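Good morning. Please have the sequence and the structure open.

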There are 2 protein chains.
Amino acid sequence: MTRARGITIRDVAREAGVSITAVSHALNDKGTLSTATRAHIRAVAEQMGYEADALARGLRRSPMGAVGLVLRSLDALGDYAPAGVDVFERFVGAAASQALARGLSLMLVPDLTRPPVPPLAFSLDGYIVTDPHVDDPVIARLEERGIPYVTYGRPPGRPEFTHWAAEDDRASARLVLTHLESAGARSVALVRGTDPNAWNLGHQDTYLGWCEEHGSTPRLYELPERAGVEGGAALAGRLVDEGVPDAVFCLTGRHAAGVQQGLVARGVRVPERTMVVTGSDSEHARTSRPAISALELDPVAGSAALLDILQSLIAGRPADSPRLTRARFRPRGSTRR
Amino acid sequence: MTRARGITIRDVAREAGVSITAVSHALNDKGTLSTATRAHIRAVAEQMGYEADALARGLRRSPMGAVGLVLRSLDALGDYAPAGVDVFERFVGAAASQALARGLSLMLVPDLTRPPVPPLAFSLDGYIVTDPHVDDPVIARLEERGIPYVTYGRPPGRPEFTHWAAEDDRASARLVLTHLESAGARSVALVRGTDPNAWNLGHQDTYLGWCEEHGSTPRLYELPERAGVEGGAALAGRLVDEGVPDAVFCLTGRHAAGVQQGLVARGVRVPERTMVVTGSDSEHARTSRPAISALELDPVAGSAALLDILQSLIAGRPADSPRLTRARFRPRGSTRR
DNA sequence: CTAGGAACGTAAAACGTTTTATGCAATGCT
DNA sequence: AGCATTGCATAAAACGTTTTACGTTCCTAG
């Protein structure tokens, strides 16, 4: 496949009767050309529909007008089209809209650390990395190349790094607990995952604080993220044995679906006897019976913040970061009394 | 911003004690090097972590491993972050998954015909264009540059062009009309957008055919896509004045939400007095009261088909196209009798 | 003993820009 | 008059590859 070439700087130079240097300078406001020459060259270029070739230009280290997006969580899953993981799709869509609105192109890039490395990967102006790991190799490579990046979710173990945006997990935990409280819940159990990430830890802290304020005994359960729906269903047994709380707050959508399923199977009615809420909305939460109330991230606000920070970084300006976004609470049948 | 450069072919050549030509040939299986030299060079390159620079390589016309995605419909909306237009977000997400799964990067590109043209735009290997217009200038530019492309939605007025995938709009319009019919509707109004794309035109054709078959008088309304919810609400006035039909089929989710809102505000009960359906599901449709029945596209199947075709095109192989995908109908409160 | 190939490498041109270093008038200053 | 300065424009180098065209060396057939 040989691409047809467009009009080159040489064509414009010939047409305008000047050197290619003159054309370059005229179009980029460099050098010392007379106003007349500059105007003339511009007119000719405009009329010919000249567009500088990005590749050639990029070869000389100028910005590409494009930023990359690496979805770390998907890389980990190993499957790029996982069923029902719509957080991913929504974030991509939102980031795309936001980038386009700023006149930037957004490029979705597969894992940078596994060959074959996507050819354009290291030629982009900057990167958004979602859910970075501890000592993330993707981030290591970006730093090695001196490519600016921002992260969605705070990079674990990097207190000095501030170029991130994330959901305000403390605020959103409050949102859930307040809702449950106003629906009459006194005792609330928390089911969190086992990954030591900001998501699990932040919610847990807030939960414990809330319990203390309300003089209620904390009931904290840990369930590995990958235990999925079955894990949740199994946990329901323990919940029943140890006394059904007024509400169960599961940080993971699949756990919530499983817990509710397990409770109902054991004759515990939802939402009449106990309520169920999840911290991350998903297809599972929406299609459960009753539908499970959920926190819904705000990928639009998140990606907008990230692009603001990234643009500052690329331009070498100080960035207003970190930035927190607010989740929305979606009340559904599982908490409707 | 000056990017830090990585290891170049020159570094590898020096290290391996050969010419840069040798390195290039060894790594690209060209030329006539001995197996030993080839292996040696490869080993050195591997060990040094050499990755050819995509920009320099692209300058010599080789594939970039990246395809572009132009969302024509978003260009038409004029707003790149329209609230609740989740068809786009879903399609983008799906296309991204599919591209990544094939080892391709996907680049989201703003309108190619309005300056500033995104720098990398004409350096990509191929394009997916969604909802092309009649005589679409974006497509004209791609053809001018000889860049292969596929379209999501058949390009109107181009019977000879086959490199597209689309929802089978005739089938899905049938799906909606049949559903309405079995719910007792005799007279159905169609509200379409003003973009002259296959989506609007195909549904309109099917609708007109259906009216003829059923001896019912067509009632066709055109509303600019960007009129949004307000436009729909305003249209409801006309619908009432001209006689409330048994059902209103709006191709756009936001129009549907507006129409229903406008009807209800004028005392027309939904679904008792008239039903409302939309051709594209959206947040607006789901959160309306009652929730609006909708067609749900299958962006995963669609984008998979498109990438298959595009990869064939890029490789110069014959493509298996066009391809049709099926939409699902989601009955909700607005058509439940 | 030599012409004609293989077999293996490399030099150099090309890709389309940007940038650095000059060149050459014309002008200003002593 | 001679020298520095300014104003304008360009030549050439660089960016990192791929590709074309050319050299070697060595073998083999005549």
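First, the ground rules. This is a predicted model, in which local features need pLDDT of at least 70 and side-chain atom pairs count only at pLDDT 80 or more, while totals for chains, interfaces and linings use all residues. Residues are numbered from 1 along each chain as its sequence is written, chains are lettered from A and ligands numbered from 1 in the order in which they are written, and side-chain values use heavy atoms, with hydrogens and water left out.

Now the DNA. How many residues surround DNA strand C? There are 30, and the closest are A:Ile9, A:Ser24, A:Lys30, A:Arg57 and B:Thr37. A residue counts as near a molecule or strand if one of its heavy atoms lies within 4 Å of it. By class, this surface has 11 nonpolar, 11 polar and eight charged residues. Here Ala, Val, Leu, Ile, Met, Phe, Trp, Tyr, Cys and Pro count as nonpolar, Asp, Glu, Lys and Arg as charged, and the others, Gly among them, as polar.

From a polar side-chain atom of A:Arg57 to a phosphate oxygen of DNA strand C is 2.9 Å. For B:Ser19, a polar side-chain atom lies 3.2 Å from a phosphate oxygen of DNA strand C. An N or O atom in the side chain of A:Tyr50 is 3.0 Å from a sugar or linking oxygen of DNA strand C. The elements that give two or more residues to this surface are helix 1 (9–16), helix 2 (20–28) and helix 4 (54–59) of chain A, together with helix 2 (20–28) of chain B. Helix 2 of chain A has the largest share, five residues. Helices (H or I, at least four residues) and strands (E, at least two) are DSSP runs, numbered from the N terminus.

Next, strand 3 of chain B, residues 126–130. Is it buried or exposed? Five of its five residues are buried, so strand 3 is largely enclosed by the rest of the structure. Buried means under 20% relative accessible area, exposed over 50%, and partly exposed in between, with a 1.4 Å probe and protein chains only. In a regular strand the side chains alternate between the two faces of the sheet. Here B:Gly126, B:Ile128 and B:Thr130 point one way, and B:Tyr127 and B:Val129 the other.

Strand 3 of chain B runs parallel to strand 1 (residues 66–71) of chain B, joined by five bridges; B:Val67 stands opposite B:Gly126. With strand 4 (residues 149–152) of chain B, strand 3 pairs in the parallel sense over four bridges. Two strands pair if DSSP finds at least two bridges between them.

Last, the aromatic pairs. Rings of Phe, Tyr and Trp (its six-membered ring) pair if their centres lie within 6.5 Å; planes under 30 degrees apart count as stacked, over 60 as edge-to-face and the rest as tilted. A:Phe91 and A:Tyr152 have ring centres 4.5 Å apart and planes at 20°, so this pair is stacked. A:Phe91 is buried at 5% relative accessible area, and A:Tyr152 is buried at 11%.

Definitions and conventions
Polar contact = N/O pair within 3.5 Å; in protein donor to acceptor, adjacent residues only side chain to side chain.
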